[in-house]
Amino acid sequence: MSSAQAVYVKHRTRRIVLTVLFYILLFVAFLFVMYQQANKVNTLEFASGQIELTTSKTKYTVGDTITYTIKNGLNTPITLLFDCPNQPFHVYQWTNNQWVAMTAKAKQSACSNLPNQVKLAPNASLTKNYSAWPKLFNKPGIYRIVAYANNYTALPYADFQVVDKPTPAPAPVVIYKPVYTPVYTPIYVQSSGGDHSSGGGGDN
């Protein structure tokens, strides 16, 4: 083997070794990053307490405005995100023995008065309604609204019923019957002794 070939082989071997070392270091760095991320997830602390979601009534009539209240019972603040024109929270209707997701869009003009996010301190509550989504609950049925929160294992939800408007009772029909009042007219009878009027009378 000539000196030139020996130098080529030497450099080629060095390049191979450096390439292998580079990929080994890259793999080790990848494992380190994955370990750090997994360690963060495993040590994630969930806030204690609970989030409550309720509605103003358990039974509404078609056309009523559905009002809800969410209360932060956790020991840490929470942030509620609103994605108008989409409705707040997840909405389901009980149909064919299963919960079916419902969606609706509000008018863009209604979104200008709605905040994108609201921060709730511990023990604070927020009351809003679905007035901007009138078609969401325009049919009779059983509905459920569900809220999701990060670092919170439970799913706060509220169930309520929407019923048809009551049918108005028919107006009473008044039947008028004529009332006859007898009218008495004196009858004059002529006799040999003179004219006399009798006290009898007849109906007219």
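## Basis of the model

The structure is a predicted model, in which local features need pLDDT of at least 70 and side-chain atom pairs count only at pLDDT 80 or more, while totals for chains, interfaces and linings use all residues. Residues are numbered from 1 along each chain as its sequence is written, and side-chain values use heavy atoms, with hydrogens and water left out.

## Overall fold

The protein chain contains two helices and 12 strands. Here helices (H or I, at least four residues) and strands (E, at least two) are DSSP runs, numbered from the N terminus. Along the sequence, the elements follow the pattern α-β-β-β-β-β-β-α-β-β-β-β-β-β.

Of the 204 residues in the protein chain, 20% are buried. A residue is called buried under 20% relative accessible area, exposed over 50%, and partly exposed in between (1.4 Å probe, protein chains only).

## A nonpolar patch on the surface

Ile16, Val17, Leu18, Val20, Leu21, Ile24 and Val28 make up a nonpolar surface patch, and together they have about 600 Å² of accessible area. Such areas come from the Shrake-Rupley method with a 1.4 Å probe, and for residues only the protein chains shown count as cover. Patches are made of residues with over 30% relative accessible area and no salt bridge; like charges are joined within 9 Å, and nonpolar side chains (Val, Leu, Ile, Met, Phe, Trp, Tyr) within 5 Å.

## Aromatic contacts

Rings of Phe, Tyr and Trp (its six-membered ring) are paired if their centres lie within 6.5 Å; planes under 30 degrees apart count as stacked, over 60 as edge-to-face and the rest as tilted. By this rule there are 10 aromatic pairs. The pair of Tyr68 and Phe89 is edge-to-face, because the ring centres are 5.1 Å apart and the planes stand at 75 degrees. This pair links distant parts of the chain, 21 residues apart: Tyr68 is in strand 3 (residues 67-72), and Phe89 is in the loop between strand 4 (78-81) and strand 5 (90-95). Both Tyr68 and Phe89 are buried.

The rings of Tyr143 and Phe160 have centres 6.0 Å apart and planes at 20 degrees, so this pair is stacked. It also joins distant parts of the chain, with Tyr143 in strand 9 (residues 141-146) and Phe160 in strand 10 (residues 157-163), 17 residues apart. Tyr143 and Phe160 are both buried. One aromatic cluster is formed by Tyr60, Tyr68, Phe89, Tyr130, Trp133, Phe137, Tyr143 and Phe160.

## The disulfide and its loop

One disulfide is found in the whole structure, a disulfide being a pair of cysteine sulfur atoms within 2.5 Å. It joins Cys84 to Cys111, with an S to S distance of 2.0 Å. The torsion about the S-S bond of Cys84 and Cys111 is about -75 degrees, so the disulfide is left-handed. Cys84 lies in the loop between strand 4 and strand 5 and Cys111 in helix 2 (residues 108-111), so the pair ties together parts that are 27 residues apart in sequence. Cys84 is partly exposed at 23% relative accessibility, whereas Cys111 is buried at 13%.

Most residues other than glycine have a negative phi, and most peptide bonds are trans. The peptide bond from Cys84 to Pro85, however, is cis, with omega near 20 degrees. Phe89, in the loop between strand 4 and strand 5, has a positive phi, near 65 degrees.

## Salt bridges and a charge over a ring

Side chains of opposite charge can pair when their charged atoms come close. A salt bridge requires a side-chain nitrogen of Lys or Arg within 4 Å of a carboxyl oxygen of Asp or Glu, and the structure holds two salt bridges. In one, the closest N and O atoms of Lys57 and Asp64 are 3.7 Å apart. Lys57 is partly exposed, at 39% relative accessible area, and Asp64 is partly exposed at 35%.

Asp159 and Arg144 also meet in a salt bridge, at 2.6 Å from N to O. This pair links distant parts of the chain, Asp159 in strand 10 and Arg144 in strand 9, 15 residues apart. Asp159 is partly exposed at 34%, whereas Arg144 is buried at 18%. Arg144 also lies over the face of Tyr157, 4.0 Å from the ring centre; a charge sits over a ring if NZ of Lys or CZ of Arg is within 6 Å of the ring centre and within 35 degrees of the ring normal.
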